[in-house]
Amino acid sequence: MANFGYVEILYIIVLLLIVIYSYQQYNTDFWKSRGVVGPQPLPFFGNAKDMMFGKISQADYIRKVYNEFPNEKMVGLFLREPFLLLRDPEVIKEILIEEFSKFADRENNFDYSVKYLQTDPMSAHLVNLEPERWRPLRTKYIPSFTATKIKDMFPLLLECCKSFEKYFEAEVAKGKPIRCDDLCAKFTINIISTYAFGIDTSTTENAEICRKGREIFKVNLVNALRFKIKLYAPTLYALIGYVIPEKNLAPYFTKFITEVIKYREKHNIKRIDFINTLMEIKKHPENLPTVELTDTFIAAQATGMFAAGFETSSTTMSHALYELALNPKIQNKLREEIREYHAKNNGIWTSEDIGEMEYLEKVFKETLRMYPPTVILQRRANCNYTFKGTKITIPKNTPVWIPLFALQRDSNVFPNPDTFDPERFNEDVNRNSIYYIPFGAGPRKCIGIRMGSYETKLGIIQILCNHRVDVCEKTLIPYQTDPNAMLLTPLGGIYLKITKLET
């Protein structure tokens, strides 16, 4: 090993300082030279210091920046690299829809076959994949989420409601505040497991998948560190797997999904669900020449669908209950509609009933406006690009962010944006549709919109028909976003008092 003297050490320190200064100057000039304004970045941290150290959530920080530049179409920011925050709905439409082919990549498209195989194998699912694999897979998945498919599977969803009712009634009978985000997750996990995998998680035999599913998004030190390293230092994140490989969730879900498929193949079980779709894909790899169909990759598809299917719906459901507890008049009005339909159908719900309930739809939409589970959409330019009607050009691979949370709480579009008001969604309201895109927009919008809607609404109906939800001493007022969570999550959970009503 070389022996460094004081002069050599001084040279190294000076060199490092020059590199840091040059990098910082490059960052500062990057957007300035392109005519894009933005907050001043800090050395090393860019604009992300407070988010990195958990002082503010991603949702709240991006909303803060959005509001600080009200007259700008776009704002220049820095995390690990320069990225562009879009504010103007026409520019957002340009990126998501009109020029989709030039922004088809998510920001964090990973080469799972090499870089992230050890670190994050279960994230190689449809949401994250690059266009070459995303396009053919999405086409194969679409039949699993059509209106006809949901209608055919609806009786199974009602069976899930019955099994949830027993658990729910037992929790209410205890007379204690109920953590509603956990309660809702139990419901939606069973719904998506039944719908996609043909598995009833209310049984003791399959209860483990419920626990493991909750661990995916659980706010703890390990998950928070992995999430932040992945966001702010992806190169380091790629190396983590070789030092601290993921030995909990990835092996469990790979084994679980593989065994389900093998069991069905052995017993020649055919069921029109997502697992069956994956089995057909695996049988005919020649139809997907751009995709290597390993057991891990197949398991990642199932796990991604499972995680997205339960967490976003349970989050929406629990946020709806939270706002309904804070707004009892709205809750009573919704209950009246639920009971009206309950009387008409004798408690035997159909997908048509759900589709006809206008006030439930407004409550659902307003919940998603205030609490979109995904607070930003991320895209990455796959070529040098000049925005229409401007002189602003970004180089290839520049990330762009669409701030859903900030857009949907823009006071110029939604007056009193922090107030829960379902009447915002009356049919005669006229606004640019891009200001409300909780499921995304364009070809890469959420594939499970319809399923997520039914799932959430059934859960709300199940709880509100014969129960009242109220705030209690453990209810978080005012609402605070957990700065260490991957999705929009309340700090410490949502606790409410639930009381049985006379029927």
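The structure is a predicted model, in which local features require a pLDDT of at least 70 and side-chain atom pairs count only at pLDDT 80 or more, whereas totals for chains, interfaces and linings use all residues. Residues are numbered from 1 along each chain as its sequence is written, and side-chain values use heavy atoms, with hydrogens and water left out.

The protein chain has 18 helices and 9 strands; helices (H or I, at least four residues) and strands (E, at least two) are DSSP runs, numbered from the N terminus. Of the 503 residues in the protein chain, 54% are buried. Here, buried denotes under 20% relative accessible area, exposed over 50%, and partly exposed the range in between (1.4 Å probe, protein chains only). Contacts are defined by heavy atoms within 4.5 Å. Among contacts between residues at least 6 apart in sequence, 74% join residues at least 24 apart. The protein chain exposes about 23,700 Å², of which carbon and sulfur atoms supply 56%; accessible areas come from the Shrake-Rupley method with a 1.4 Å probe, and for residues only the protein chains shown count as cover.

An open sheet is formed by 4 strands in the order β1-β2-β7-β4, with mixed pairing. Its edge strands, β1 (74–78) and β4 (377–380), each pair on one side only. Neighbouring strands of this sheet are turned by 30 degrees against each other on average, direction ignored; axes are lines fitted to C-alpha atoms, for helices over the stretch in contact, and angles run from 0 to 180 degrees between N-to-C directions. Two strands are taken to pair if DSSP finds at least two bridges between them. Strands of a sheet pair through backbone hydrogen bonds, either parallel or antiparallel. For β4 and strand β7 (residues 399–402), the pairing is antiparallel and extends over 4 bridges. Within this pair, Leu 377 stands opposite Ile 402 in β7, and Arg 379 stands opposite Val 400 in β7. Leu 377 and Arg 379 point one way from β4, while Gln 378 and Arg 380 point the other way, and all are buried.

Leu 326, Val 471 and Ile 477 make a nonpolar surface patch of about 230 Å². Patches are made of residues with over 30% relative accessible area and no salt bridge, like charges being joined within 9 Å and nonpolar side chains (Val, Leu, Ile, Met, Phe, Trp, Tyr) within 5 Å. Leu 225, in helix α9 (residues 221–232), counts as partly exposed, at 46% relative accessibility. The C-alpha atoms of Leu 225 and Met 52 are separated by 9.5 Å, although these residues are 173 residues apart along the chain.

Side chains of opposite charge can pair when their charged atoms come close. A search of the whole structure finds 27 salt bridges, each defined by a side-chain nitrogen of Lys or Arg within 4 Å of a carboxyl oxygen of Asp or Glu. One of these joins the side chains of Lys 457 and Glu 361 (2.3 Å, N to O). This pair links distant parts of the chain, with Lys 457 in helix α18 and Glu 361 in helix α16 (residues 358–370), 96 residues apart. Lys 457 is buried, with a relative accessible area of 4%, whereas Glu 361 counts as partly exposed at 26% relative accessibility.

Helix α16 also contributes Glu 366, whose side chain meets that of Arg 424 in a salt bridge (2.9 Å, N to O). Arg 424 lies in the loop between α17 and α18, 58 residues from Glu 366, and both residues are buried.

Arg 409 lies in the loop between α17 (404–407) and α18 (449–464). The side chain of Arg 409 forms a salt bridge with that of Asp 418 (2.8 Å, N to O). Arg 409 is classed as buried because its relative accessibility is 9%, whereas Asp 418 counts as partly exposed at 46%. Leaving aside neighbours within four places in sequence, Arg 409 is in contact with Arg 63, Arg 369, Met 370, Tyr 371, Pro 417 and Asp 418. Elsewhere, a network of salt bridges links Glu 98, Glu 99, Lys 102 and Lys 388.
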